[in-house]
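Student: I have a model open and want to go through parts of it. Can you take me along?

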Amino acid sequence: MESLGTGMRDSSHWKSTAYRTHTIGQIIENGSELLGKEVDIAGYAETVRGRGAICFLMLRDGTGKIQAFLKKDNMNEDVFNLIQNSTRESTIQVKGVVAQKRPPKIAEGEPLPPPEYEINVESGKILANAAAPLPVGVTDDVHVGLDVRLDNRHLDLRRSHINAMFQLRSKVLEYGREHLIKEGFMEMNSPKIIASASEGGTNLFPMMYFDTPAFLSQSPQLYKQLAVLGGLERVFEIGPAFRAEKHDTYRHLNEFISFDIEGAWMDDEDVMGVQERMIHHIWSSIAENDQNLIDVINEYRSSQGNETVTVEVPNLPFPRISYCEAIEIVKLGGGEIEWGDDIESHHCDIIAAKYPGFHFIPRWPMAMKPFYIHHREDEKGKTGGQLSRGFDLNYGRDEMTSGGQREHRVEVLEQNLRNMGLNPDDFAFYTDGFRYGAPPHAGWGLGVARLLMVLTGAGNVREVVLFPRDRNRVTP
RNA sequence: GCCCUGAUGGUGUAGUGGCCUAUCAUGCAGCCCUGUCGAGGCUGCGACCCGGGUUCAAAUCCCGGUCGGGGCGCCA
């Protein structure tokens, strides 16, 4: 358990490596036991202060920060000078003795802070020098634009609140996996190079597969269904999806990580249940274990004058607002919309005013859903239009998920394709999977980065994606 | 694809035709001080996106380009 609230990783069980006997986190945690012991540590030089006979080197690794104290009299003078003249963010290895740090001057009446530890350096080595000045200051209190940060993501990532966001991302995936595995889902991977459009409705990136034209996959949809038809029963996949749309918004990327599930013998309600339980598990686990990471993000947000974020564990079940109800809410709220229209962002604002958190929007018109979505002939909307078993999950105005029960009747599937102007022959690889007995099944796909945006308060999906790919960016 | 908006040192900014040999912060370099700790003090370094045009005069106005930002559409 992280005790300092620094957002650094818990390294209590990490073993020593060629470059260090201890992590900095281990020294901070066990300083009293290590007093007087000689250790080797390595890290980035966050600050190098002092010019003359003494030098204070603040070293940071992924697990903590500690001050290394250098005295010219106590060590080789060349090494001392080399370190004293090193630039910020250079990587440095030092050997020294763990000592208690002298307490800082404090105002009278203030309580003494808990003891801190430092390293009295005996020798050291510059591992790699950093060029100066840095394109993005790691600890500087100046605002830096997103584009410059993304161009220098390797440095941006050294900033504590950015680092915390990606630690949170890892936690979200960990807790999500944990929950699905508990519910009997197994992890699978589908191909990302495909011969034909897997869903239609979006543009794909074309590519050459040796001498055959092919595409990058827009979704694992059809493949996870085939896996379920084949008897894997409950599957999930966390993997990339590619869409060649020239969108330019805070919530779209051309490559994104999709968190998908598919389960046999389930309908749309069943998989909505899986989803809300999973999100509940993720949120409550973060609240329980990872508040230190949220604190780091909030510390930065406060310094920039932004409001802080809190991890509010959502109540179960999430509200279900059927498509028909949603249309009514938008109309009552003064929005112009008719049954059969898509619910657009400005409509979602009206709904979000009433349901600001997670909410499902089930039972969309069949005409608006892809061919593989199931419908029940007796379920019609108010104006008589056919309803589907497709749903969305929104958080406020933003769509997190779309999912639904799938069509398992092959003749209906082929009719749906024809209704949407597609040729069933082009989907034989898929429809053939339904000819030999198909379990009713359902599933969903969730945008991982969108979930992260909710959790971290990031206003742009690019914040929570390491190396985002958008219309104008393919590097780094 | 549509609408709106912007580009000033490494970074973030001030600047609305002459007050600009361009502001401030941060950074970087040097010096002083120093068991410092958001260290401090002093000195210095470093910029008007590119190409045309208007004007006696352009960071500032106009046109084109490039690259950003916001909104919409589409979706996860």
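**Strands, a glutamate, domains**

Tutor: E7 and strand E9 (residues 212–216) pair in the antiparallel sense over two bridges. Strands here are DSSP runs of at least two residues, numbered from the N terminus, and two strands pair if DSSP finds at least two bridges between them.

Student: Which residue stands opposite phenylalanine 215 in E9?

Tutor: Isoleucine 194 does. This is a predicted model, where local features need pLDDT of at least 70, side-chain atom pairs count only at pLDDT 80 or more, and totals for chains, interfaces and linings use all residues. Residues are numbered from 1 along each chain as its sequence is written, chains are lettered from A and ligands numbered from 1 in the order written, and side-chain values use heavy atoms, without hydrogens and water.

Student: In what order do the strands of that open sheet run?

Tutor: The order is E7-E9-E8, three strands with antiparallel pairing. E7 (193–194) and E8 (206–209) are at the edges with a single partner strand each, so one side of each has no neighbour in the sheet.

Student: New topic. Where is glutamate 379, and is glutamate 379 buried or exposed?

Tutor: Glutamate 379 is in the loop between strand E12 (358–362) and strand E13 (390–395). Its relative accessible area is 17%, which makes it buried (under 20%, 1.4 Å probe, protein chains only).

Student: Which side chain joins glutamate 379 in a polar contact?

Tutor: That of arginine 389, at 2.7 Å.

Student: And the domains of chain A?

Tutor: An automatic or database assignment gives domain 1 (24–133) and domain 2 (155–464). Their C-alpha centres lie 48 Å apart.

Conventions. Helices (H or I, at least four residues) and strands (E, at least two) are DSSP runs, numbered from the N terminus. Buried means under 20% relative accessible area, exposed over 50%, partly exposed in between (1.4 Å probe, protein chains only). A polar contact is a pair of N or O atoms within 3.5 Å; within protein, one must be able to donate a hydrogen and the other to accept it, and residues adjacent in sequence count only if both atoms are side-chain atoms.
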